[in-house]
Amino acid sequence: MTPHSDDTPARSRLRLDAALADVTDTFRGMTAAADEVQCDCHWGSEEELARLKSPDTELDPGLLHRTWTAPDWRDKGAVLRRILPQFSGSLVRGRVEALSGMEEVGRVFAWAEWRQWPADQSAAVEEFLHAWWAHSLVETDPAVPVHQLLVLCTEASGTLDPWLAVWETLDHPAAHGHLAEAAGQWDHDLLADELPWRTWHDEDLLRSGLADWLVGHALPRLRSRGAPEELLHRIRLIGLGGPARWEDPHWPNDRS
């Protein structure tokens with residue numbers, strides 16, 4: 001296998017640091033729209049809103065959280081651009097808490113329609129997500145678990161394909177460990193033909209894509225590395241349909 005350009009934590013960290021620096025440079029001076037409004041009884045004060053309309057001032061963690069979680073900004077793109085230098089760093093350090101899962105964070109990017117931004121801005125976001133993903137795959141204990149980061153990146157981009165493609169290229173112990181952990185997180189839902197997270201995209205397409213990838217790629221890779229037989233059988237069963245699945249002798253007893 002040709003060595004991947006980001007197949008060590010040191011190399012991937014350099015790429016991630018460069019991507020974070022580019023986000024800071026690209027979005028320096030951004031502000032929320034001058035006519036942006038928010039509910040002062042539920043979101044925050046006029047003084048806090050004014051901070052979003054001033055460039056480059058750091059927000060306290062509570063204000064940052066309320067800003068990215070608020071769903072009703074008039075100009076979601078402008079608000080995300082305003083907070084991105086700080087928000088991206090907080091994400092990488094694992095300091096962003098999502099109530100129902102990291103799909104909430106990915107949804108913020110999707111709602112802001114970042115792919116429609118000017119080319120330099122969309123490129124900075126794209127490289128940040130890809131650099132963060134590549135680094136997390138080869139880290140033993142990333143701040144955001146890989147299976148959660150995949151959800152974030154998928155919801156932000158609307159597709160699984162580029163993220164799973166990178167995972168496939170990595171013959172790295174950490175990437176294999178993340179694969180076993182992710183499979184153990186997803187198998188229960190996929191055995192029920194459900195996507196393991198809530199999505200605003202095509203749920204059936206994402207579910208079938210994830211299931212096919214686990215059966216086609218993860219299963220042989222995990223088998224070759226001595227993964228537990230129970231996990232291997234559960235992944236195998238995801239590839240079966242109808243009675244062939246639940247009449248299989250390895251159908252788990254904890255499922256009705």
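Which side chain meets R115 in a salt bridge? I looked this up and found E126, at 3.2 Å from N to O.

Basis of the entries. I am working on a predicted model, in which local features need pLDDT of at least 70, side-chain atom pairs count only at pLDDT 80 or more, and totals for chains, interfaces and linings use all residues. Residues are numbered from 1 along each chain as its sequence is written, and side-chain values use heavy atoms, with hydrogens and water left out.

Entry on salt bridges. I took a salt bridge as a side-chain nitrogen of Lys or Arg within 4 Å of a carboxyl oxygen of Asp or Glu. The structure has 9 of them. I noted the general point that side chains of opposite charge can pair when their charged atoms come close.

I went back to the pair R115 and E126. R115 sits in the loop between α5 (103-111) and α6 (119-138) and E126 in helix α6, so the pair ties together parts 11 residues apart in sequence. Helices here are DSSP runs (H or I, at least four residues), numbered from the N terminus. R115 is partly exposed at 41% relative accessible area, and E126 is partly exposed at 30%. For these words I used under 20% relative accessible area for buried, over 50% for exposed, and partly exposed in between (1.4 Å probe, protein chains only). The areas come from the Shrake-Rupley method, and for residues only the protein chains shown count as cover.

I then looked up D171, which forms a salt bridge with R225, the closest N and O atoms being 3.1 Å apart. D171 is in the loop between α8 (161-169) and α9, and R225 is in the loop between α10 and α11 (229-238), so this bridge ties together parts that are 54 residues apart in sequence. D171 is exposed at 51%, whereas R225 is partly exposed at 41%.

The next pair I recorded is R236 with D248, with closest N and O atoms 3.0 Å apart. R236 belongs to helix α11 and D248 to the segment after α12 (243-246), so the pair ties together parts 12 residues apart in sequence. I read R236 as partly exposed at 25% and D248 as buried at 14%.

Entry on S157. Is S157 buried or exposed? I found it buried, with a relative accessible area of 14%. S157 is in helix α7 (residues 146-157). Neighbours within four places in sequence aside, S157 is in contact (heavy atoms within 4.5 Å) with R115 and W163.

Entry on backbone angles. I kept in mind that most residues other than glycine have a negative phi. E113, not a glycine, has a positive phi near 55°. E113 is in the loop between α5 and α6 and is exposed at 52%. D193 also is not a glycine, and its phi is positive at about 60°. D193 lies in the loop between α9 and α10 and is partly exposed at 42%.

Entry on surface charge. Which residues form the negative surface patch? I listed E194, D202, E203 and D204. Patch residues have over 30% relative accessible area and no salt bridge, with like charges joined within 9 Å. Asp and Glu count as negative, and the charge is placed at CG of Asp or CD of Glu. I checked D202, which is in the loop between α9 (173-191) and α10 (203-224) and is partly exposed at 44%.

How values were computed
Patches are made of residues with over 30% relative accessible area and no salt bridge: like charges are joined within 9 Å, nonpolar side chains (Val, Leu, Ile, Met, Phe, Trp, Tyr) within 5 Å. Accessible areas come from the Shrake-Rupley method with a 1.4 Å probe; for residues, only the protein chains shown count as cover. Helices (H or I, at least four residues) and strands (E, at least two) are DSSP runs, numbered from the N terminus.
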